Amino acid sequence: MDFTEKLQQELDALQTKGNLRRLPTLEHDGRYVIVNGQRMLNLSSNDYLGLATDIDLRREFLETLTPETFLPTSSSSRLLTGNYHIYDELEAELASRFGKEAALVFNCGYHANTGILPAVADADTLILADKLIHASLIDGLKLGKTRYLRYRHNDLNHLERLLKEYGSAYQHIIIVTESIFSMDGDKAPLRQLVALKQRYPNVMLYVDEAHAFGLRGASGLGCAEEEGCIDDIDFLMGTFGKAAASSGAYLVCSRTVREYLVNHMRPFIFTTALPPVCVAWTLFIVRRLAAMNDRRQHLDHLGKLLRKRLVDGGYKTSGTSQIVPMIVGESADTVLRAEALQRHGFYALPVRPPTVPEGTSRIRFSLTAALTEEEVCSIPL
Ligand code: PMP
(Lines give C-alpha, C1' and ligand atoms only; values in the text may rest on other atoms or scores of the structure.)
Protein backbone atom coordinates (compact mmCIF):
# COMPACT_ATOMS: atom_id res chain seq x y z
CA MET A 1 0.00 0.00 0.00
CA ASP A 2 1.46 3.39 -0.88
CA PHE A 3 1.63 6.23 1.61
CA THR A 4 -1.40 8.17 0.35
CA GLU A 5 -3.52 5.01 0.33
CA LYS A 6 -2.55 4.37 3.93
CA LEU A 7 -3.61 7.89 4.95
CA GLN A 8 -6.85 7.56 3.01
CA GLN A 9 -7.66 4.29 4.78
CA GLU A 10 -7.26 5.97 8.15
CA LEU A 11 -9.51 8.83 7.04
CA ASP A 12 -12.12 6.32 5.87
CA ALA A 13 -11.99 4.63 9.28
CA LEU A 14 -12.57 8.01 10.96
CA GLN A 15 -15.52 8.64 8.66
CA THR A 16 -17.03 5.24 9.50
CA LYS A 17 -16.83 6.06 13.21
CA GLY A 18 -18.38 9.47 12.67
CA ASN A 19 -15.15 11.17 13.78
CA LEU A 20 -13.93 12.69 10.51
CA ARG A 21 -13.21 16.41 10.86
CA ARG A 22 -13.84 18.79 7.97
CA LEU A 23 -13.21 22.50 7.72
CA PRO A 24 -16.58 24.21 7.52
CA THR A 25 -17.24 26.83 4.87
CA LEU A 26 -18.98 29.64 6.71
CA GLU A 27 -19.69 33.30 6.57
CA HIS A 28 -20.02 35.53 9.63
CA ASP A 29 -22.81 37.98 10.17
CA GLY A 30 -22.41 39.36 13.68
CA ARG A 31 -23.94 36.88 16.11
CA TYR A 32 -24.95 34.67 13.18
CA VAL A 33 -23.10 32.30 10.89
CA ILE A 34 -24.23 31.35 7.40
CA VAL A 35 -23.46 27.76 6.42
CA ASN A 36 -24.72 26.23 3.17
CA GLY A 37 -26.98 29.24 2.74
CA GLN A 38 -28.58 28.79 6.16
CA ARG A 39 -28.34 31.61 8.71
CA MET A 40 -27.92 30.29 12.27
CA LEU A 41 -27.37 31.80 15.68
CA ASN A 42 -23.77 31.06 16.64
CA LEU A 43 -23.73 28.89 19.78
CA SER A 44 -20.18 27.69 19.21
CA SER A 45 -18.10 30.82 19.53
CA ASN A 46 -15.59 31.61 22.25
CA ASP A 47 -16.51 35.29 21.99
CA TYR A 48 -17.83 34.87 25.53
CA LEU A 49 -18.36 38.57 26.32
CA GLY A 50 -19.80 39.35 22.90
CA LEU A 51 -16.99 41.83 22.22
CA ALA A 52 -16.00 40.42 18.82
CA THR A 53 -19.42 41.32 17.44
CA ASP A 54 -19.56 44.76 19.08
CA ILE A 55 -19.32 47.26 16.23
CA ASP A 56 -19.20 50.33 18.52
CA LEU A 57 -16.11 48.97 20.23
CA ARG A 58 -14.42 48.39 16.88
CA ARG A 59 -15.36 51.88 15.72
CA GLU A 60 -13.91 53.41 18.88
CA PHE A 61 -10.68 51.48 18.40
CA LEU A 62 -10.38 52.39 14.73
CA GLU A 63 -10.60 56.07 15.70
CA THR A 64 -7.34 55.65 17.62
CA LEU A 65 -5.52 54.55 14.45
CA THR A 66 -3.90 56.41 11.61
CA PRO A 67 -2.10 54.93 8.57
CA GLU A 68 1.12 55.60 10.52
CA THR A 69 0.01 53.76 13.67
CA PHE A 70 -1.81 50.90 11.95
CA LEU A 71 0.97 48.33 12.03
CA PRO A 72 -0.18 45.07 10.45
CA THR A 73 3.03 43.13 11.06
CA SER A 74 5.99 43.07 13.40
CA SER A 75 8.16 41.61 10.60
CA SER A 76 10.41 39.88 13.11
CA SER A 77 10.83 37.97 16.35
CA ARG A 78 10.68 40.19 19.43
CA LEU A 79 14.31 39.36 20.14
CA LEU A 80 15.33 40.90 16.81
CA THR A 81 13.38 43.91 15.53
CA GLY A 82 9.80 42.87 16.34
CA ASN A 83 9.63 44.29 19.87
CA TYR A 84 7.31 47.26 19.38
CA HIS A 85 6.59 49.48 22.36
CA ILE A 86 2.96 48.34 22.48
CA TYR A 87 4.15 44.95 23.75
CA ASP A 88 5.80 46.57 26.76
CA GLU A 89 2.68 48.61 27.39
CA LEU A 90 0.42 45.55 27.35
CA GLU A 91 2.78 43.60 29.60
CA ALA A 92 3.06 46.48 32.07
CA GLU A 93 -0.74 46.79 32.11
CA LEU A 94 -1.18 43.06 32.77
CA ALA A 95 1.50 42.92 35.48
CA SER A 96 -0.08 45.92 37.21
CA ARG A 97 -3.68 44.63 36.98
CA PHE A 98 -2.68 41.23 38.34
CA GLY A 99 -0.35 42.77 40.91
CA LYS A 100 2.51 40.56 39.69
CA GLU A 101 6.13 41.43 39.07
CA ALA A 102 6.01 40.71 35.36
CA ALA A 103 4.04 39.54 32.35
CA LEU A 104 5.00 38.07 29.00
CA VAL A 105 2.81 38.00 25.90
CA PHE A 106 2.82 35.14 23.37
CA ASN A 107 1.37 34.64 19.89
CA CYS A 108 -1.29 32.28 21.17
CA GLY A 109 -2.22 29.96 23.99
CA TYR A 110 -0.92 27.00 22.06
CA HIS A 111 2.52 28.59 21.98
CA ALA A 112 2.34 29.44 25.67
CA ASN A 113 1.36 25.95 26.73
CA THR A 114 3.79 24.13 24.49
CA GLY A 115 6.63 26.48 25.39
CA ILE A 116 6.57 27.50 29.03
CA LEU A 117 6.78 24.11 30.73
CA PRO A 118 9.43 22.61 28.42
CA ALA A 119 11.50 25.77 29.03
CA VAL A 120 11.34 25.94 32.82
CA ALA A 121 11.03 22.30 33.87
CA ASP A 122 14.07 20.03 33.76
CA ALA A 123 14.79 16.41 34.68
CA ASP A 124 14.74 17.35 38.40
CA THR A 125 11.14 18.45 38.09
CA LEU A 126 7.99 16.35 38.24
CA ILE A 127 4.79 17.60 36.62
CA LEU A 128 1.42 16.48 37.98
CA ALA A 129 -1.33 17.36 35.54
CA ASP A 130 -5.10 17.07 35.63
CA LYS A 131 -6.46 14.31 33.38
CA LEU A 132 -8.62 16.75 31.38
CA ILE A 133 -6.14 19.49 30.56
CA HIS A 134 -6.22 20.99 27.07
CA ALA A 135 -4.32 19.39 24.16
CA SER A 136 -1.86 22.32 24.09
CA LEU A 137 -0.79 21.56 27.66
CA ILE A 138 -0.51 17.86 26.88
CA ASP A 139 1.71 18.67 23.91
CA GLY A 140 3.81 20.85 26.23
CA LEU A 141 4.25 17.89 28.57
CA LYS A 142 5.27 15.64 25.69
CA LEU A 143 7.76 18.15 24.29
CA GLY A 144 9.63 18.59 27.55
CA LYS A 145 12.29 16.46 29.21
CA THR A 146 10.34 16.31 32.43
CA ARG A 147 8.54 13.31 33.87
CA TYR A 148 4.81 13.85 34.15
CA LEU A 149 1.91 12.01 35.72
CA ARG A 150 -1.79 12.68 35.36
CA TYR A 151 -4.20 12.85 38.28
CA ARG A 152 -7.89 12.08 37.99
CA HIS A 153 -9.91 15.12 37.02
CA ASN A 154 -10.16 17.56 39.95
CA ASP A 155 -9.35 14.70 42.36
CA LEU A 156 -7.26 16.27 45.13
CA ASN A 157 -6.83 12.97 46.97
CA HIS A 158 -5.36 11.29 43.93
CA LEU A 159 -3.12 14.31 43.33
CA GLU A 160 -1.79 14.23 46.90
CA ARG A 161 -1.22 10.48 46.70
CA LEU A 162 0.94 10.96 43.59
CA LEU A 163 2.70 13.87 45.28
CA LYS A 164 3.59 11.72 48.29
CA GLU A 165 4.49 8.63 46.30
CA TYR A 166 6.69 10.22 43.64
CA GLY A 167 7.39 13.77 44.77
CA SER A 168 10.29 13.07 47.14
CA ALA A 169 12.49 11.94 44.25
CA TYR A 170 12.30 15.39 42.64
CA GLN A 171 13.59 18.84 43.51
CA HIS A 172 10.55 20.65 42.15
CA ILE A 173 6.97 19.73 41.41
CA ILE A 174 4.58 21.67 39.17
CA ILE A 175 0.84 21.04 39.37
CA VAL A 176 -0.86 21.88 36.08
CA THR A 177 -4.56 22.61 35.67
CA GLU A 178 -7.05 24.71 33.77
CA SER A 179 -9.30 26.94 35.85
CA ILE A 180 -12.44 26.44 33.70
CA PHE A 181 -12.16 23.21 31.73
CA SER A 182 -12.78 23.65 28.04
CA MET A 183 -14.92 20.59 27.35
CA ASP A 184 -16.86 20.15 30.60
CA GLY A 185 -17.17 23.79 31.62
CA ASP A 186 -16.39 22.90 35.23
CA LYS A 187 -13.99 24.66 37.55
CA ALA A 188 -10.78 23.52 39.23
CA PRO A 189 -10.69 23.77 43.04
CA LEU A 190 -8.06 26.51 42.96
CA ARG A 191 -8.15 27.36 46.66
CA GLN A 192 -7.69 23.72 47.64
CA LEU A 193 -4.86 23.38 45.15
CA VAL A 194 -3.20 26.40 46.73
CA ALA A 195 -3.69 24.91 50.22
CA LEU A 196 -2.11 21.67 49.01
CA LYS A 197 0.81 23.52 47.46
CA GLN A 198 1.39 25.41 50.70
CA ARG A 199 1.89 22.16 52.61
CA TYR A 200 4.86 21.23 50.41
CA PRO A 201 7.85 23.57 50.10
CA ASN A 202 8.80 22.49 46.57
CA VAL A 203 5.40 22.57 44.85
CA MET A 204 4.37 25.21 42.27
CA LEU A 205 1.11 25.83 40.43
CA TYR A 206 0.52 26.40 36.70
CA VAL A 207 -3.02 27.50 35.85
CA ASP A 208 -4.51 28.03 32.37
CA GLU A 209 -7.31 30.61 32.51
CA ALA A 210 -8.13 30.53 28.77
CA HIS A 211 -11.86 30.08 29.48
CA ALA A 212 -11.97 32.35 32.52
CA PHE A 213 -9.96 35.45 31.58
CA GLY A 214 -12.38 38.35 31.13
CA LEU A 215 -15.17 36.36 32.75
CA ARG A 216 -14.41 35.61 36.38
CA GLY A 217 -13.43 37.80 39.29
CA ALA A 218 -14.48 41.32 40.23
CA SER A 219 -12.42 42.87 37.42
CA GLY A 220 -12.49 39.95 35.00
CA LEU A 221 -8.97 38.70 35.62
CA GLY A 222 -10.12 35.09 35.97
CA CYS A 223 -10.82 32.41 38.55
CA ALA A 224 -7.62 33.20 40.45
CA GLU A 225 -9.02 36.67 41.11
CA GLU A 226 -12.42 35.23 41.99
CA GLU A 227 -10.79 32.85 44.48
CA GLY A 228 -8.40 35.48 45.84
CA CYS A 229 -5.29 33.46 45.01
CA ILE A 230 -3.48 35.32 42.23
CA ASP A 231 -0.38 35.65 44.43
CA ASP A 232 -0.27 31.93 45.09
CA ILE A 233 -0.11 30.85 41.47
CA ASP A 234 3.41 30.69 40.11
CA PHE A 235 2.52 30.41 36.41
CA LEU A 236 -0.79 32.13 35.70
CA MET A 237 -1.57 32.11 31.99
CA GLY A 238 -4.57 33.01 29.88
CA THR A 239 -5.47 33.76 26.30
CA PHE A 240 -6.85 36.73 24.38
CA GLY A 241 -8.63 34.76 21.63
CA LYS A 242 -11.79 34.10 23.60
CA ALA A 243 -13.46 36.62 25.93
CA ALA A 244 -10.96 39.35 25.02
CA ALA A 245 -11.93 39.09 21.33
CA SER A 246 -8.35 39.27 20.13
CA SER A 247 -5.38 36.93 19.62
CA GLY A 248 -2.45 35.96 21.76
CA ALA A 249 -1.79 34.81 25.29
CA TYR A 250 -0.10 35.99 28.47
CA LEU A 251 1.75 34.68 31.46
CA VAL A 252 1.93 36.71 34.66
CA CYS A 253 4.85 35.58 36.75
CA SER A 254 8.02 36.66 38.54
CA ARG A 255 10.62 38.87 36.83
CA THR A 256 13.06 35.97 36.85
CA VAL A 257 10.65 33.54 35.16
CA ARG A 258 9.95 36.14 32.49
CA GLU A 259 13.63 36.67 31.77
CA TYR A 260 14.25 32.93 31.77
CA LEU A 261 11.49 32.41 29.19
CA VAL A 262 12.84 35.17 26.96
CA ASN A 263 16.08 33.19 26.92
CA HIS A 264 14.79 29.63 26.73
CA MET A 265 11.24 29.40 25.42
CA ARG A 266 11.42 28.25 21.80
CA PRO A 267 7.89 29.23 20.66
CA PHE A 268 8.63 32.70 22.04
CA ILE A 269 12.08 33.08 20.51
CA PHE A 270 11.61 31.52 17.08
CA THR A 271 8.44 33.16 15.84
CA THR A 272 7.40 36.44 14.26
CA ALA A 273 5.81 38.53 17.00
CA LEU A 274 2.09 39.32 16.86
CA PRO A 275 1.12 42.30 14.68
CA PRO A 276 1.39 45.49 16.78
CA VAL A 277 -2.16 46.46 15.75
CA CYS A 278 -3.42 43.23 17.27
CA VAL A 279 -1.54 43.93 20.51
CA ALA A 280 -2.96 47.48 20.55
CA TRP A 281 -6.50 46.07 20.21
CA THR A 282 -5.80 43.61 23.05
CA LEU A 283 -4.63 46.45 25.27
CA PHE A 284 -7.70 48.49 24.33
CA ILE A 285 -9.91 45.58 25.45
CA VAL A 286 -7.89 44.69 28.56
CA ARG A 287 -8.32 48.28 29.82
CA ARG A 288 -12.10 47.91 29.50
CA LEU A 289 -12.58 44.44 31.02
CA ALA A 290 -12.92 45.59 34.62
CA ALA A 291 -16.03 47.61 33.72
CA MET A 292 -17.84 44.69 32.10
CA ASN A 293 -19.62 43.20 35.10
CA ASP A 294 -23.02 43.53 33.41
CA ARG A 295 -21.91 41.30 30.58
CA ARG A 296 -20.36 38.82 33.02
CA GLN A 297 -23.54 38.63 35.09
CA HIS A 298 -25.75 38.22 32.03
CA LEU A 299 -23.54 35.38 30.75
CA ASP A 300 -23.63 33.68 34.13
CA HIS A 301 -27.42 33.89 34.10
CA LEU A 302 -27.62 32.38 30.59
CA GLY A 303 -25.37 29.48 31.64
CA LYS A 304 -27.58 28.69 34.63
CA LEU A 305 -30.69 28.91 32.47
CA LEU A 306 -29.42 26.50 29.82
CA ARG A 307 -28.13 24.02 32.42
CA LYS A 308 -31.50 24.01 34.14
CA ARG A 309 -33.25 23.42 30.82
CA LEU A 310 -30.90 20.49 30.09
CA VAL A 311 -31.38 18.93 33.52
CA ASP A 312 -35.16 19.41 33.34
CA GLY A 313 -35.09 17.73 29.93
CA GLY A 314 -33.28 14.69 31.37
CA TYR A 315 -29.88 15.44 29.82
CA LYS A 316 -26.49 14.89 31.39
CA THR A 317 -24.45 18.07 31.64
CA SER A 318 -21.64 19.43 33.85
CA GLY A 319 -19.94 22.53 35.11
CA THR A 320 -20.93 26.02 36.20
CA SER A 321 -19.70 28.23 33.40
CA GLN A 322 -20.55 29.60 29.97
CA ILE A 323 -19.46 26.28 28.45
CA VAL A 324 -22.48 24.03 28.70
CA PRO A 325 -22.10 20.46 27.47
CA MET A 326 -25.05 18.32 26.49
CA ILE A 327 -23.65 14.80 26.76
CA VAL A 328 -25.15 12.52 24.11
CA GLY A 329 -22.77 9.51 24.16
CA GLU A 330 -22.06 8.04 20.73
CA SER A 331 -20.46 10.17 18.04
CA ALA A 332 -22.98 9.38 15.31
CA ASP A 333 -25.94 10.27 17.57
CA THR A 334 -24.23 13.49 18.58
CA VAL A 335 -23.70 14.49 14.96
CA LEU A 336 -27.41 13.88 14.28
CA ARG A 337 -28.37 16.04 17.27
CA ALA A 338 -26.14 18.83 16.07
CA GLU A 339 -27.62 18.61 12.58
CA ALA A 340 -31.13 18.82 14.04
CA LEU A 341 -30.19 21.93 16.03
CA GLN A 342 -28.70 23.47 12.91
CA ARG A 343 -31.87 22.78 10.91
CA HIS A 344 -33.68 24.84 13.56
CA GLY A 345 -31.24 27.73 13.13
CA PHE A 346 -28.83 27.09 16.04
CA TYR A 347 -25.19 26.55 15.16
CA ALA A 348 -24.10 24.12 17.87
CA LEU A 349 -21.32 21.67 17.15
CA PRO A 350 -20.59 18.09 18.13
CA VAL A 351 -17.39 17.37 20.08
CA ARG A 352 -16.14 13.84 19.59
CA PRO A 353 -13.18 11.61 20.46
CA PRO A 354 -10.26 12.14 20.56
CA THR A 355 -11.13 15.61 21.90
CA VAL A 356 -13.31 13.99 24.59
CA PRO A 357 -13.24 10.39 25.96
CA GLU A 358 -15.03 7.63 24.00
CA GLY A 359 -18.73 7.41 24.83
CA THR A 360 -18.96 11.04 25.99
CA SER A 361 -19.54 12.78 22.66
CA ARG A 362 -21.46 15.94 23.24
CA ILE A 363 -22.94 19.10 21.93
CA ARG A 364 -20.81 21.85 23.39
CA PHE A 365 -22.87 24.99 23.81
CA SER A 366 -20.56 27.93 24.08
CA LEU A 367 -22.63 30.86 25.30
CA THR A 368 -21.88 34.53 24.85
CA ALA A 369 -23.14 37.64 26.56
CA ALA A 370 -24.51 38.79 23.18
CA LEU A 371 -27.27 36.16 23.41
CA THR A 372 -30.62 36.97 24.92
CA GLU A 373 -32.57 34.98 27.50
CA GLU A 374 -35.32 34.39 24.90
CA GLU A 375 -32.81 32.93 22.46
CA VAL A 376 -31.40 30.53 25.06
CA CYS A 377 -34.96 29.50 26.01
CA SER A 378 -35.81 28.79 22.39
CA ILE A 379 -32.99 26.29 21.72
CA PRO A 380 -34.87 23.06 20.90
CA LEU A 381 -33.41 20.44 23.28
N1 PMP B 1 -5.73 26.57 26.64
C2 PMP B 1 -7.02 26.21 26.60
C3 PMP B 1 -7.65 25.71 27.85
C4 PMP B 1 -7.76 26.31 25.42
O5 PMP B 1 -9.04 25.94 25.37
C6 PMP B 1 -7.11 26.80 24.25
C7 PMP B 1 -7.82 26.99 22.92
N8 PMP B 1 -9.00 26.41 22.72
C9 PMP B 1 -5.77 27.13 24.34
C10 PMP B 1 -5.12 27.03 25.55
C11 PMP B 1 -5.03 27.60 23.12
O12 PMP B 1 -5.17 28.96 22.98
P13 PMP B 1 -5.03 29.67 21.56
O14 PMP B 1 -6.30 29.44 20.84
O15 PMP B 1 -4.76 31.08 21.88
O16 PMP B 1 -3.89 28.98 20.87
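This note goes through the domains, their interface, the ligand site and some local features of a predicted model.

1. Domain layout. The chain is assigned two domains. Domain 1 is made of two segments, 3-49 and 293-377, while domain 2 covers 85-290. Taken over C-alpha atoms, the centres of domain 1 and domain 2 are 26 Å apart.

2. Extent of the interface. The size of an interface is often given as the accessible area lost when the parts come together. For domain 1 and domain 2 the buried area is about 1500 Å², with 50% of it on carbon and sulfur atoms. The contact involves 20 residues of domain 1 and 21 residues of domain 2.

3. Arg362 and Asp184 form a salt bridge, and their closest N and O atoms are 3.4 Å apart. Polar contacts across the interface of domain 1 and domain 2 come to 13 residue pairs, with both residues at pLDDT 80 or more.

4. The domain 1 face. Three elements each supply at least two residues of the side of domain 1 that touches domain 2: helix H12 (293-312), strand E11 (323-329) and strand E14 (361-366). H12 gives the most, with four residues. By class, the residues on this side of domain 1 are seven nonpolar, eight polar and five charged.

5. Ligand site. There are 13 residues around the ligand, and those that come nearest are Gly109, Tyr110, Asp208, His211 and Lys242. Gly109 places a backbone N or O atom 2.7 Å from an oxygen atom of the ligand. For Asp208, the distance from a side-chain N or O atom to a ligand nitrogen is 2.6 Å. For Lys242, a polar side-chain atom is 2.8 Å from a ligand nitrogen.

6. Backbone points to check. Most residues other than glycine have a negative phi, and most peptide bonds are trans. Pro353 and Pro354 are joined by a cis peptide bond, with omega about 10 degrees. Pro354 sits in the loop between strand E13 (349-351) and E14. Asn36 is not a glycine, yet its phi is positive, at about 50 degrees. Asn36 is placed in the loop between strand E2 (32-35) and strand E3 (38-42).

7. Salt bridges overall. Side chains of opposite charge can pair when their charged atoms come close. Over the whole structure the search finds 22 salt bridges. One of them joins Arg39 and Asp29, whose closest N and O atoms are 3.1 Å apart. Arg39 is in strand E3 and Asp29 in strand E1 (residues 26-29), so this pair ties together parts 10 residues apart in sequence.

Terms used. Residues numbered from 1 in each chain as written. Predicted model: local features only at pLDDT ≥ 70, side-chain atom pairs only at ≥ 80, totals over all residues. Heavy atoms only, no water. Domains from an automatic or database assignment. Contact = heavy atoms within 4.5 Å. Buried area = accessible area lost by both parts, 1.4 Å probe. Salt bridge = Lys/Arg side-chain N within 4 Å of Asp/Glu carboxyl O. Polar contact = N/O pair within 3.5 Å; in protein donor to acceptor, adjacent residues only side chain to side chain. Nonpolar A, V, L, I, M, F, W, Y, C, P; charged D, E, K, R; others polar. Near = heavy atom within 4 Å.
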